[in-house]
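Good morning, and thank you for making time on the agenda.

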Amino acid sequence: MPKLAAFPKAFMQALCKDGTMKVSQWIDLAAKLDVQGLEWYAGFLEMADDANWARFRDEVEGHGMVIPMMCCSPDFTHPDASFRQAEIVKQKRWIDMTAALGGSYCRVLSGQRRPELTIDEGVQLAADSIEACLPYAQDRGITLIIENHYKDDFWEFPEFAQQMDVFCMLVDRIEHPNFGVNYDPSNTYLAGEDPIELLKRVSHRVVTMHASDRYLKEGTLDDLRREEGGATGYAKRLSHGEIGKGLNDYDAIFSELRRVGFDGWISIEDGVDGMDQLARSVDFLKRKIAEYWPA
């Protein structure tokens, strides 16, 4: 049966940029949720000090939870080999961070969709860089998970592998027991594509999932695909919403995941309107999990 984790979507500015929230405060807030884990973020300001790693693990486990997943954003499509090597070094540090926190899954990405890159060149650069990290991850019992991502907050360009065909090409290129997919249905809408179509193409490789939801502020999905598919900058027609009340078809998603025997972690990227919203999203997902994975 899948297990639920929570991610501090509403508090990223406070935890990662201005420091107005401490990680311990987020842990205490999340402990009131009915979840089994917390997805971590490598960019929490306090994670720069290695001495905090063991302390935060103890705090989370003291609340009866674990830290199963690490969210980080390597940029492996830079044309400069020395830049890519520096990103590999950073990824290995994040792998160490994941292991120190007791986690099993550490995110990787392709990198930025730089205009000068061809698809074949970008896939090759990203695959080579990820494969350079895999032995290091395997030695530490960590699985690298690639997400169908949109864009890191600090990137100039969107994700190189944002489009479904490119993402699947990259996933198919890498065969390793410590490599899998972190599926995010909402990000597929930002590419102007169908999240269920993507899921069916990669479901056999999915080991973790991000649960979120989006709703259309105006217009239709056809308008979104026509006007904003793959555009730089967040799609103006889409907004975060409470899970179960937006565009994502969780019956179709969980049916497919159940079909392929998925039993991994589902991390909730929600709560932009507060902890009450996040708690309702937890309740919705727990009901759906019980429906599709009966005890």
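In strand β11, I268 is the bridge partner of A6. This is a predicted model, in which local features need pLDDT of at least 70, side-chain atom pairs count only at pLDDT 80 or more, and totals for chains, interfaces and linings use all residues. Residues are numbered from 1 along each chain as its sequence is written, and side-chain values use heavy atoms, leaving out hydrogens and water.

Strands here are DSSP E runs of at least two residues, and helices are H or I runs of at least four, numbered from the N terminus; two strands pair if DSSP finds at least two bridges between them. Strand β1 (residues 3–7) runs parallel to β11 (residues 265–269), with five bridges. It also runs parallel to β2 (residues 37–38), through two bridges, and there A5 is partnered by G37.

Is β1 enclosed or open? Four of its five residues are buried, so the strand is largely enclosed by the rest of the structure. Buried means under 20% relative accessible area, exposed over 50%, and partly exposed in between, with a 1.4 Å probe and protein chains only.

Y41 lies in strand β3 (residues 40–41) and, at 11% relative accessibility, is buried. Leaving aside residues up to four places away in sequence, Y41 touches F7, M12, C16, M47, M70, C71 and D152, a contact being heavy atoms within 4.5 Å.

Finally, the protein chain has 11 helices and 11 strands, and buried residues make up 56% of its 295 residues.
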